[in-house]
Amino acid sequence: MKSIFNYFKEIFVAIAALLKGMKVTGYYFVHPGQIVTQQYPENRASLQMFERFKGEVVMPHDEKNEHKCTACGICEINCPNGSIEIISEMLLSQEGKKKRVLSKHIYHLGMCTFCNLCVKTCPSNALKMDQTFEHAVFDRAKLTKVLNKPGSVLSKGAEE
Amino acid sequence: MKFNIYDLSSFTSSFDQLLMENFSPFWAVAIEMILIGIAILAFYAVVGLYLVYAERKVCAFMQCRVGPNRVGPYGFFQTIADLIKLLMKELIPIKNADKLLFNLAPFIVIIASFMAIAAIPFAKGLHAIDFNIGIFYIMAVSSLGVVGILIAGWSSNNKYSLIGAMRSGAQIVSYELSVGLSLITIVILAGSLQLSTIVEAQREGWFLFTGHIPALIAFLVFLVAATAETNRGPFDLAEAESELTAGFHTEYSGIKFAFFFLAEYMNMFIVASIAATMFLGGWMPFHVGGWVAFNDVMDFIPPFLWYIGKTAFIIFIMMWFKWTFPRLRIDQLLTLEWKYLLPINLVNILIMAFVVLMGWHF
């Protein structure tokens, strides 16, 4: 007798559970306001990317055209794909000390996997991830970028 | 030629007379068959394409997405673009496949669903062929599709296809029972297998309401079993993407794949229209006994729209199933049929026979 009762109980419990699931999807069906899709090309002007989104590596410059890169080469060593090349030159300072100065920070966007290791390991916080993502170009050479702006110098306080 | 949207039988019979006057009977029948064939073919293509569109939209809304929205307004021409793409794609020949059976299988599947459409009553007079065993014929013909699926799985020379096809076979053999028995419940109530008589018997009230509890149980059982029979929704073990890549149609490409795809959606349309005809009164308007003004308003809506509306409702429920429930395992699938649906169905037939004998239905 008990097994017969359980058989029917099982059926009604199962139907109730199924209806619960259908209620959720039915709610979403009749509430189009819940749609989360971003209609991208149309909303380009108002598109807000997430804070954690990593678009490309950039080197911030302040208003005096100064960056913080000391050309130490740690980002180049840490990059798993070899997408960073640092070209530096040795200059003699007025006291006669040798000093390494950045001439070109070359970044190959086409090889980058956006792992963020260069940004994380930079001892002077000279690099950061930008949120731009429209990187498509017709010529592969355009994906090789020089991150330091022409004529920029190391900012004074960065070396301490 | 009179054209009356509420009763198309005068239109079809006067058209028949016109042909009979101008041609010999053989040619008149031949022309009628060709015209009906072309009409059904066009209907088949349009309905198949727009069911795919509807499915993608319904699924998108249920998952908080937008769905196709690029080709035409609201993505309305998306599936037509897809069809053109499929038509232009290469038909890849498979090494070591059974060439004859491999090429035959999509046609078997599509012919099975094509034949079933012929016996469906769309509106009063809009009924290609009215067999006196109509519902039996539809059940027999629509389950032929599984032969095509089995052949497709076997001839592809691919283990995933074969597993998918065998699963589909096991599934259809068991669920065909439930579909048939739940329809027999209604046939007992209607006292006829002829679809026009069954629809006519629902003039005063749809069988879902006049047959009360046994009809309601039969309706629920039919919905579950029909979803399983079309290889859809939580019962799509035959093509289980995550396990079998695409099941029986893994090796098919281009238009042959499109045939399987269209046939799947047409099978859904066919079982939905069987459900609408048997339980929800086919093209009969919704009537409440005694409410004359209300019944007149309902009569004003053409029968064809009633039919399409009911079918769309059933199709929506089946899509709702598909995008809500997770896929069953094969043992759960067979347990559901043999331990639950079948015994309930058999008892339900007894109850229905008793109700009809005692005259307890409305």
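Chain A is divided into domain 1 (2–34) and domain 2 (56–159), with bounds that come from an automatic or database domain assignment. The centres of domain 1 of chain A and domain 2 of chain A, taken over C-alpha atoms, are separated by 58 Å. The model is predicted: local features need pLDDT of at least 70, side-chain atom pairs count only at pLDDT 80 or more, and totals for chains, interfaces and linings use all residues. Residues are numbered from 1 along each chain as its sequence is written, while chains are lettered from A and ligands numbered from 1 in the order in which they are written.

The C-alpha trace of chain A spans about 100 × 40 × 30 Å along its principal axes. The radius of gyration of chain A is 28 Å, whereas a compact globule of 160 residues would have a value near 15 Å; this radius is taken over C-alpha atoms, and the globule rule is 2.2 Å times the number of residues to the power 0.38. Of the 160 residues of chain A, 13% count as buried. A residue is classed as buried if 20 or more other C-beta atoms lie within 10 Å of its own, as exposed if 12 or fewer do, and as partly exposed in between, with C-beta atoms placed from the backbone. Among the contacts in chain A with a separation of 6 or more, 73% are between residues 24 or more positions apart; two residues are in contact if their C-beta atoms, placed from the backbone, lie within 7 Å.

Chain A contains three helices and seven strands, which follow the pattern α-β-β-α-β-β-α-β-β-β along the sequence. Helices (H or I, at least four residues) and strands (E, at least two) are DSSP runs, numbered from the N terminus. Three of the strands form an open sheet in the order 3-4-6 (chain A), with antiparallel pairing; two strands pair if DSSP finds at least two bridges between them. Strand 3 and strand 6 (144–146) of chain A stand at the edges, each with a single partner strand, so one side of each is left without a neighbour in the sheet. Neighbouring strands of this sheet are turned by 25° against each other on average, direction ignored. For such angles, axes are lines fitted to C-alpha atoms, for helices over the stretch in contact, and angles run from 0 to 180 degrees between N-to-C directions.

Within the sheet, strand 3 (residues 84–92) of chain A is joined to strand 4 (residues 98–108) of chain A by nine bridges, and the two run antiparallel. Ile84(A) stands opposite Tyr107(A) in strand 4 of chain A, and Glu85(A) has Ile106(A) of strand 4 as its bridge partner. The hairpin of strand 3 and strand 4 of chain A has five residues between the strands, and in it Gly96(A) takes a positive phi near 85°.

Positive phi also occurs in residues of chain A other than glycine. Asn116(A), which is not a glycine, has a positive phi of about 80°. Asn116(A) is located in the loop between strand 4 and helix 3 (117–121) of chain A and is partly exposed, with 14 other C-beta atoms within 10 Å. Asn125(A), likewise a residue other than glycine, has a positive phi near 50°. The position of Asn125(A) is in the loop between helix 3 and strand 5 (128–130) of chain A, and Asn125(A) counts as exposed, with 11 C-beta neighbours inside 10 Å.

Chain B has 15 helices and zero strands. The radius of gyration of chain B, 21 Å, is close to the 21 Å that the globule rule gives for 362 residues, so chain B is as compact as a globular protein of that length. The C-alpha trace of chain B spans about 65 × 55 × 45 Å along its principal axes. Of the 362 residues of chain B, 39% count as buried. Residues 24 or more positions apart make up 77% of the contacts in chain B with a separation of 6 or more. Leu189(B) belongs to helix 7 (residues 159–190) of chain B and is buried, with 23 other C-beta atoms within 10 Å. The C-alpha atom of Leu189(B) is separated by 10.0 Å from that of Ile349(B), 160 residues apart along the chain.

Between the chains, 11 residues of chain B are in contact with 13 residues of chain A. Helix 2 (residues 25–62) of chain B contributes three residues, the largest share of the side of chain B that touches chain A. By class, this side of chain B has nine nonpolar, one polar and one charged residues. Ala, Val, Leu, Ile, Met, Phe, Trp, Tyr, Cys and Pro count as nonpolar, Asp, Glu, Lys and Arg as charged, and the others, Gly among them, as polar.
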